[in-house]
Amino acid sequence: MAERRRLADRMPVFPWDRLAPHKATAAEHPDGIVDLSIGTPVDPVPEVVRRALAAAADAPGYPATHGTPALRASAAGWLERRHGVQVDPDGDVLPAIGTKELVAWLPTLLGLGEGDTVVHPELAYPTYDAGIRLAGARPLPADGLTALGPERPGLVWINSPANPTGRVLGADHLAQVVDWARERGVIVASDECYLDLDWEGERPLSVLHPDVCGGSHANLLALHSTSKRSNLAGYRAGFVAGDSELIAELLAVRKHAGMIVPAPVQAAMGAALDDDAHAEDQKARYRARREALRGALESAGWTIDHSEAGLYLWARRPGLDAWGAVAELAGRGILVAPGDFYGPKGAEHVRVAFTATDERVEAAAKRLA
């Protein structure tokens, strides 16, 4: 019998396990830990969403992998209303069990594997790398297309606004990526889960915006999440939109794999996408927390780079590397993520989430002072 090849052996060490000693240090603070290491929502699920979930709770039958027509219409309506993107709700939209699931499985779902290369940003959410390895393909961190030379990857990931840096890619930059990929027949997947959370500078654009793609969605996929905008991380509710042929390909595989968003969650996601008022309220909360933490960090001698959008501050402490900065903050009862979790270029930064409660953000600001 051949020796079994363990899929887990392809995976790197889960990075947050390395934070455990610093978490223990921060937890010793007399007023408790302020955990700013993971950007998980802490505010209530909007009432309009909870009502929709409850109303759809009697769901004994199998839900549609493609999602209900109402959900797809809600996703298309949100893209047009909020981001100037027009898609066909029947053929260009597909729900996902949260966007992390889709990031992790997209290379596999697209048939990529051994012998294929998938490009992702040099500073990036670790799940891009994990998903590429799950498929058996080769991850290639690269921010510039010239670094690829003659290589023709199977897929290029872009992320704007970016996690962890909060950097926003301009329309010209995005258009260059799209043009380069189309000349070579390469798929571009754009992770846009922070698209609504802009704070300063140029407003982020979707890769599907006509100023970027010229009105054609060929070779393009855009991933969107309700976790950040609507506090639905616990619901696992996202969607992908773009090239209708690629959407059909993903749908065909997902039907076989049972990758289905539960019917009550589909109803809740549609309600969230239809309602902008709760999203504006949540954005205002995040803005206040961002300003409080940024002001406290800068007053304490920290430098904030990028951070124009998203839910994080990309911070550095002159004279300290990432882990030294983590240790300094842990000594004050504040836990943050070291920048090298996201790639070697993050070795001098930490990522500071501002998704904690108002009370915990205030506590962090006082400790920094």
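Predicted model: local features only at pLDDT ≥ 70, side-chain atom pairs only at ≥ 80, totals over all residues.

User: Why are helix 4 and helix 9 called roughly perpendicular?

Analyst: They pack at an angle of about 100°, with their axes 11 Å apart. The label covers 65 to 115 degrees, so helix 4 and helix 9 count as roughly perpendicular.

User: What makes the contact between them?

Analyst: Helix 4 brings Glu101, Leu102, Leu106 and Leu109, while helix 9 brings Glu249, Leu250, Val253 and Arg254. That set splits into 5 nonpolar, no polar and 3 charged residues.

User: How do you know whether Tyr286 is buried or exposed?

Analyst: Its relative accessible area is 0%. Buried means under 20%, so Tyr286 is buried. Tyr286 sits in helix 11, and its contacts beyond four places in sequence include Pro41, Trp199, Leu311 and Phe354. As for Leu311, it is 25 residues away along the chain, yet the two C-alpha atoms are separated by 7.6 Å.

User: What makes strand 9 and strand 12 the edge strands?

Analyst: The open sheet has 4 strands in the order 9-10-13-12, with antiparallel pairing. Strand 9 (303-305) and strand 12 (337-338) each pair on one side only. Helix 11 (residues 277-299) packs on this sheet, touching strand 9, strand 10 and strand 13.

User: How do you know that strand 10 and strand 13 pair?

Analyst: Pairing takes at least two bridges, and 4 bridges join these antiparallel strands, so they qualify. Leu313, for instance, has Val352 in strand 13 as its bridge partner.

How values were computed:
Residues numbered from 1 in each chain as written. Heavy atoms only, no water. Helix = DSSP H or I, 4+ residues; strand = E, 2+ residues; numbered from the N terminus. Contact = heavy atoms within 4.5 Å. Axes fitted to C-alpha atoms, helices over the stretch in contact; angles between N-to-C directions. Buried < 20%, exposed > 50% of the residue type's maximum accessible area, 1.4 Å probe, protein only. Parallel < 35°, antiparallel > 145°, perpendicular 65-115°, else oblique. Nonpolar A, V, L, I, M, F, W, Y, C, P; charged D, E, K, R; others polar.
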